Amino acid sequence: MTLWFDVTDLHHWRIGHLTGIPRTGVGIHNGLVALGHEVRLFRYRKDDQRVVTVTADDLPETVCVALGGIPRATVSAEPVPTTTSMEGSSTQARPAAASPAKAEPARLFKRLIKTTGRLIPGYIRRHPASREFLSSVAECARSGARLCRAVVSPSYTRVLPPEAHQSSPIAHTVATVSRPDNHPDLPVREGDVVFAIVSTGLPSSVVEALQQRGARIVRLIYDMIPALKPQWVKPRDTEIFTAWARDVMRHSDLLLAISRFTASEAIRFCKERGLSSPRIEPVRLADVLELAHAGNSHQPPAFVPARPFFLCVCTLDIRKNHRLLYDTWTKLLTDHPEDSPDLLLIGTEHYFMSDFIRELEHDPLVKHRIHWLKNVSDADLGWYYRHCLATIYPSKYEGWGLPVAESLAHGKICLSSNTSSMPEISELPLFFSPWSRDELYELVRRVWRDEASRGALEERIRSSFRTTTWLDTAGEIMTALQKQATENFALPSSRHTTAMTESP
C-alpha cells in the first residue's frame with residue numbers, strides 16, 4: 001500500500017514562510033515518512049485536468065526545504081520581515097525569486113498585477129472595493145497565463161524514468177495527450193490511501209475516479225468557519241466552502257479533525273443540512289514545526305522591541321479579535337504611560353482589517369508601542385517566543401489554536417481566550433473571555449508586574465507540558481486508519497519513502 005499526498009496548493013505557494021495549514025500538511029507528511037511509510041506526492045493540474053506525480057524538488061523553495069528536499073541556490077533561503085511599527089513606516093520584504101521553469105507569459109501577467117496596484121494610491125488601495133478590483137485583476141492574470149501556456153504548449157508527454165518503474169508497484173506507460181479530457185491520469189492502485197489534507201482544489205470527479213481505483217480518501221477538517229460563521233468571511237467564501245464541505249462529506253472515506261471541537265462542528269454541519277457524515281476522528285496537531293527549531297540560534301532578528309513585550313502570533317483577521325488587544329493596550333498605556341510593555345503582532349493581514357490597521361497606525365497613544373511584523377522567518381519567530389514576557393491569543397473561534405500550543409512548547413505563558421477549541425490544548429494557559437477587556441487587562445498586569453509569579457508559571461509549564469511532535473500526530477492518523485481497516489485494506493509495517501517524477 002502506498003500513501004499518496006496531495007500537494008496541489010503547496011505547488012503554488014509563494015510566501016517565504018509556511019503558515020498554519022501548509023505547516024500542518026508538511027508536518028504530517030514528514031511524520032508519516034519518519035514512521036517509515038511509503039509516501040508519494042502528487043498534484044492536480046487544473047489547466048489540463050491531470051493528476052501528476054511530483055517530488056519535493058518540484059515544489060517552491062520554502063516547501064521543498066520543509067519537506068526535506070534540496071535547497072536551490074536560485075531562491076533566497078530566508079525571508080526578510082516586513083516591519084510596521086504603528087508610525088506608518090515599513091520595510092518591504094524582498095519577494096522570493098521566481099522559479100526558472102515559470103513561463104514568460106506568467107511573468108508578464110504578474111508585472112501587470114504589480115503595475116496596476118502601484119497606480120492606485122495607498123489610501124484608495126485599502127478600500128474593500130479596490131481590493132476586490134485588484135483580486136479580479138489577479139484572477140484575470142492567472143487565467144491569461146493559463147491560456148498562454150495552452151496556446152504555446154497544446155500537448156504534453158509524460159514519461160517516467162526507469163528507476164520510477166522499478167520502485168513503483170504500479171505499471172506506467174508513456175501517455176501523449178493532445179488535449180485535456182475529464183479522465184485524470186491516476187497513478188494509484190487498490191488499497192492505496194490518498195491524503196488530501198492541504199489542498200481544497202481536487203474536483204469531485206477526480207476524487208470519485210480515485211475511489212473507483214480502490215483508493216481511500218482521507219481529508220483533514222481544520223474548521224467550519226465559512227459555513228457556520230459567515231459573518232467573518234466574504235459571501236463568496238461561504239458559497240465555495242459550503243459546496244466543498246458537502247463534497248468532502250460525500251466523497252471521503254475518513255475525515256480527520258484537528259480538535260474534538262472541530263469534529264463536533266463538522267457533525268453539526270451535517271445534521272443541519274441533512275447529510276450523513278463519514279467517520280470523523282480527532283487528531284492532535286504537533287506544537288512546533290521541527291523546521292522552526294533549525295533556527296534556534298541566539299542571533300536577534302532585525303527588529304527588536306526597545307521594551308519588554310507581549311507577543312501575539314496570528315493572522316490579522318476580524319475573528320482573531322485584535323480589537324481586544326488594541327483596547328487593552330489603550331487602557332494600559334493610559335494608566336501606565338511610561339513603563340508599560342510593548343505589544344508585538346506577527347501575522348499577515350486578512351479580511352476586514354483595513355480600518356483597524358489605519359487606527360493603529362495613526363493613534364498617537366499606541367503607534368509607537370504596538371508593532372506589526374509580517375513575513376517573519378521561523379528563526380526570528382523562535383527568538384520572539386523565547387524573549388517575550390508572555391503570549392496572547394484573543395481569538396473568538398478556532399479550529400485548534402496552534403500558537404497557544406507553540407507558546408507552551410517554548411515554555412512561555414499564554415493568555416488565551418476560553419472559547420471553542422482552546423481549552424482542549426492544555427489547562428496551563430491563563431484563560432479569559434474574548435469579550436472582556438478587563439479580564440485581559442488584569443492578566444497582562446499580573447504577568448508584567450509580578451516577576452516571581454511569572455517565573456513560577458513558566459517553571460510549571462516547562463515541567464508539565466508534554467510537547468506533541470509530528471511523529472505523534474502521524475501515529476494518531478495511522479491509528480485512525482487502522483481502526484477503519486478491513487481485510488482488503490491491510491496497513492503496511494514499514495517502507496522507505498520513494499517518489500516518482502513529473503515530466504516537464
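Val52 in strand 3 is the bridge partner of Arg43. Strands are DSSP runs of E of at least two residues and helices are runs of H or I of at least four, both numbered from the N terminus. The model is predicted, and local features need pLDDT of at least 70, side-chain atom pairs count only at pLDDT 80 or more, and totals for chains, interfaces and linings use all residues. Residues are numbered from 1 along each chain as its sequence is written, and side-chain values use heavy atoms, with hydrogens and water left out.

Strand 2 (residues 39–45) and strand 3 pair in the antiparallel sense over five bridges; pairing requires that DSSP finds at least two bridges between two strands. An open sheet of seven strands, with mixed pairing, has the order 3-2-1-7-8-9-10. Strand 3 (50–54) and strand 10 (280–282) are the edge strands, each pairing on one side only. From one strand to the next, the twist averages 30°.

Helix 11 (residues 260–272) lies across strand 8, strand 9 (254–257) and strand 10, and runs at about 160° to strand 10. Angles run from 0 to 180 degrees between N-to-C directions, and axes are lines fitted to C-alpha atoms, for helices over the stretch in contact. Contact means heavy atoms within 4.5 Å.

The axes of helix 13 (residues 322–335) and helix 18 (residues 437–449) cross at roughly 55° and come within 9 Å. Helix 13 and helix 18 are therefore oblique to each other; angles under 35 degrees count as roughly parallel, over 145 as roughly antiparallel, 65 to 115 as roughly perpendicular and the rest as oblique. Residues making the contact include Trp329 of helix 13 and Trp448 of helix 18.
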